[in-house]
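I opened this entry to record what I looked up in the model, going from the overall fold to single side chains.

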Amino acid sequence: MSDLPRRTLSRDRLFAGAVALADDEGIGALTMRTLADRVGVKPMTLYHHVANKDEVLDGMVDMVFAEIEVPGPDVEWRVAMRTRALSARAVLLGHSWAVGLMESRTAPGPATLRHHDAVLGCLRRAGCSLPMAAHAYSLLDSYTYGFVLQEVNLPFSGTDETHELAGGMLDTFPADEYPHLVELTIEHVMLPGYDYGEEFAFGLDLILDGLADRVDRVEPGEA
């Protein structure tokens, strides 16, 4: 049983405990029994607050959405979408287990619904038609989730590990057979200050540039 001080269990405390458990041990470690141990109660006590594990997962996802910055009604749409994407990446890097769950739940909570509604509202105020708003939202989320998924699965973290891995890779393939890989590694990846995470902002700005061009070309009456 957990050493956490005993106090009245609530749904929020239950979901927070589940998020902490997944952060520490991975989503695969989450069971009703391990969750009960994390929050310091007997397993049957959990069922006074949730019906099953699916409801726990719904609550966990809602807590993650609550951490992501929501676009304000008075913020210019491009600034809002960029800020929101950067916030989502940062949050998901802290809860990497959530990437595969964010859009898979069929019973979204209030934070999730507020988030989606705010993003759509921002895009509509920018002049996006309904189909264009759907395209933009899908594109931004696909890019953000996909980048984070790739990022958390990279075999390195931080500049020192990147340089060590890149240097080791150079020793494994002949430069004359793979000249472009050698060039990229030596003249880019191994330079001081290289950070793979900076690729996210570059790609995000390209997407926003493309969306801005489409939004500017919306015909009257299309929105």
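**Elements and conventions.** I took helices (H or I, at least four residues) and strands (E, at least two) as DSSP runs, numbered from the N terminus. Read that way from the N terminus on, the elements of the chain run α-α-α-α-α-α-α-α-α-α, that is, ten helices and zero strands. I number residues from 1 along each chain as its sequence is written, and side-chain values use heavy atoms, with hydrogens and water left out. The model is a predicted one, in which local features need pLDDT of at least 70 and side-chain atom pairs count only at pLDDT 80 or more, while totals for chains, interfaces and linings use all residues.

**Whole chain.** I used accessible areas from the Shrake-Rupley method with a 1.4 Å probe, where for residues only the protein chains shown count as cover. The accessible surface of the chain comes to about 12,500 Å², and 56% of this belongs to carbon and sulfur atoms. I called a residue buried under 20% relative accessible area, exposed over 50% and partly exposed in between (1.4 Å probe, protein chains only); on that scale 39% of the 223 residues count as buried. With contact meaning heavy atoms within 4.5 Å, I noted that 71% of the contacts between residues at least 6 apart in sequence join residues at least 24 apart.

**Nonpolar cores.** I next looked up the nonpolar cores, each a set of buried Ala, Val, Leu, Ile, Met, Phe, Trp, Tyr and Cys residues joined through side-chain atoms within 4.5 Å. The largest has 32 residues, and L46, V56, M60 and M102 are those with the most contacts inside it. The elements that give two or more residues to this core are α1 (11-25), α2 (32-39), α4 (53-67), α5 (77-94) and α7 (130-152). Apart from it lies another core, of 25 residues, with M81, V119, Y143 and V189 among them. I then went back to V56 and, not counting residues up to four places away in sequence, found that V56 touches L14, F15, A18, L30, M32, L35 and V50.

**H95.** Is H95 buried or exposed? H95 is found in the loop between α5 and α6 (110-125), and H95 counts as buried because its relative accessibility is 8%. Leaving aside neighbours within four places in sequence, I listed V19, D23, V64 and E67 as the contacts of H95.

**Helix α10.** This helix covers residues 198-216, 19 residues in number, and reaches 28 Å from its first C-alpha to its last, close to the 27 Å expected at 1.5 Å a residue; the expected span is 1.5 Å times one less than the number of residues. I found F200, G203, L204, I207, L208, L211, A212 and V215 to be the buried residues of α10, and what covers them includes α5 and α7.

**Aromatic rings.** I paired rings of Phe, Tyr and Trp (its six-membered ring) if their centres lie within 6.5 Å, with planes under 30 degrees apart counted as stacked, over 60 as edge-to-face and the rest as tilted. The count comes to four aromatic pairs. Y143 and F147 form a tilted pair, 6.0 Å centre to centre with 50 degrees between the planes; being four residues apart in helix α7, they are separated by about one helical turn. Both Y143 and F147 are buried. Since Y143 lies in helix α7 and F200 in helix α10, the pair ties together parts that are 57 residues apart in sequence. Relative accessibility is 18% for Y143, which counts as buried, and 0% for F200, which also counts as buried. I recorded Y143, F147, Y196 and F200 as one aromatic cluster.

**Cysteines.** How many disulfides are there? With a disulfide taken as a pair of cysteine sulfur atoms within 2.5 Å, I counted zero. The sulfur of C122 is 8.6 Å from the closest cysteine sulfur, in C128, which is too far for a bond. C122 counts as buried at 2% relative accessibility, and C128 counts as buried at 2% relative accessibility.

**E164.** Last, I looked up E164, which lies in helix α8 (residues 159-170) and counts as exposed at 65% relative accessibility. The C-alpha atoms of E164 and M190, 26 residues apart along the chain, are separated by 8.9 Å.
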